[in-house]
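Have the viewer open and follow along.

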Amino acid sequence: LTRRSADRPTRQSDRTKRMKIIHVVYLIAALDITWMFLQFSVTPYLAKKLGFDTLWFGYLQTTVGIIQLVGGPMFGRFGDLFGARAALSLACAATVIFFVLLAIANHPAMLFIHKIPTIFMHVMPASQMVVADLSEPEKRADALSKLGLCFGIGMIAGSTLGGHLNTRYGETFTACFGAVGSFFSLLLVLKFIPKTTKTQASRTNRENDNKSKSVFNVGEITRLMKFPGVTPTFVVKIVAGLPSGIFQVMFSIIALEFFKLEPEQNGYLMAYFGIAQMVIQGGVIGRLTTRYSESSLLLLSIGVSSLVGLAQAYMQNVFHFCLTVPPMMFSLSVFNVITDSMLTKSVPSSDTGTMLGLCASVQSLLRTVGPTFGGFLYVNYGISSIGLIQFVVNIAVFFYLLQRQLKKTAEQKE
């Protein structure tokens, strides 16, 4: 009894320490998203000045997707091997270099060169890794959803700030501001994040094994796909996420050409995105995860996404689009949080970084094929074609998952 009483303050102290680290990670994630949306206020307009058309801008986005597709799993593996501080430091340092190269970009080739550091720019997956390591499994979906709240805050701050800075001081000053901000994020990582966030048992079980393994070990990465439930969830994540991913990567062009928005107006629209995301991530997802199963929420998010695609196929102006934003952000937020939570729970805690790296690579895959495919659809068939494809694909996945869930329920009753 005395031992239990002595252990109780220790557990409480450990829980407090964990929460402090998680809160710092939330701040780092919010700042990183701020700098990224600051960049979104620069790149489309700088690309237009340098002579890029819609297709070439699509190629630029595809380049980023390919680079991050290769880097995502390796980065996750790097985090599992060398710890949270090393992973986050690498990601923030790469972001500093990214903005410095953007600031000096004065030729079309430089816009492609400045994308090279994105191979290591995985602050959000690294943040997810820390949160997944330090949160309890039953509270993981809620903890991960709070990162989405940080995403919303960063989206508002970065879009608004980027629009104002770009309008008043130009692309170069805005990019330099992003470089300074990213360096501040790096200092926060070095000051507050511990070397590793893995549990002692997890480190002991895999310490010797990890020392002999390489970051580039493809077998060690793909091994995770053999765990029960991982492959089906991954397939759903790719197939259902592709159409909405196409719209997201094409949105900067849609805002510029279809809605005819100026940088400052685009900043306000992105801030509206952020407000919607903050409300959903901060006040909705946590409550939903305590009341409903993850499989039911996954089904709901895909069903809503199909209806959003149908609405976007027939929108005519910015006001129509604004009406679709709340359900769009709801479906995206729930879909990403639930699939990430399901996948990290399907593997050992020692491999959560690699798994989250694979999750990030799914987003990179969408960004790889999305711009080229989306640019082709937009130029040849208009914006409505993107929305109709989202409706058809998501409704098909919805009925597939519904049938599988009903079948599983029937088997359990028997």
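The protein chain splits into domain 1 (14-196) and domain 2 (218-413), with bounds that come from an automatic or database domain assignment. Keep in mind that this is a predicted model, where local features need pLDDT of at least 70, side-chain atom pairs count only at pLDDT 80 or more, and totals for chains, interfaces and linings use all residues. Residues are numbered from 1 along each chain as its sequence is written, and side-chain values use heavy atoms, with hydrogens and water left out.

Taken over C-alpha atoms, the centres of domain 1 and domain 2 are 20 Å apart. Domain 1 puts 47 residues into the contact and domain 2 puts in 55, where contact means heavy atoms within 4.5 Å.

The UniProt record (an unreviewed entry) places "transmembrane region" features at residues 21-42, 54-75, 87-105, 172-193, 234-256, 268-285, 297-315 and 381-402; such annotations may be inferred rather than shown by experiment. Let's check two of these spans against the model. Residues 172-193 are 95% helix and 0% strand, with 31 Å between the end C-alpha atoms. Residues 268-285 come out at 94% helix and 0% strand, and there the end C-alpha atoms are 25 Å apart. Helices here are DSSP runs (H or I, at least four residues) and strands likewise (E, at least two), numbered from the N terminus.

Now for the packing. Two packed helices are described by the angle between their axes and the distance between the axes. The axes are lines fitted to C-alpha atoms, for helices over the stretch in contact, and angles run from 0 to 180 degrees between N-to-C directions.

Start with helix 4 (residues 84-103) and helix 6 (residues 123-134), which pack at about 160 degrees with axes 9 Å apart. That makes the pair roughly antiparallel, given that angles over 145 degrees count as such, under 35 as roughly parallel, 65 to 115 as roughly perpendicular and the rest as oblique. The contact includes A91 and C92 of helix 4 and M129 and V130 of helix 6. By class, its residues are 9 nonpolar, 2 polar and no charged; Ala, Val, Leu, Ile, Met, Phe, Trp, Tyr, Cys and Pro count as nonpolar, Asp, Glu, Lys and Arg as charged, and the others, Gly among them, as polar.

Next, helix 7 (residues 140-169) meets helix 8 (residues 171-192) at about 140 degrees, with axes 7 Å apart, so these two are oblique to each other. Among the residues in contact are L161 and Y169 of helix 7, plus E171 and F177 of helix 8. The classes here are 5 nonpolar, 3 polar and 1 charged.

Finally, the axes of helix 11 (residues 230-258) and helix 17 (residues 383-413) come within 10 Å and cross at roughly 160 degrees, so this pair is roughly antiparallel. Its contact includes F247 of helix 11 and R404 of helix 17, and it has 15 nonpolar, 3 polar and 1 charged residues.
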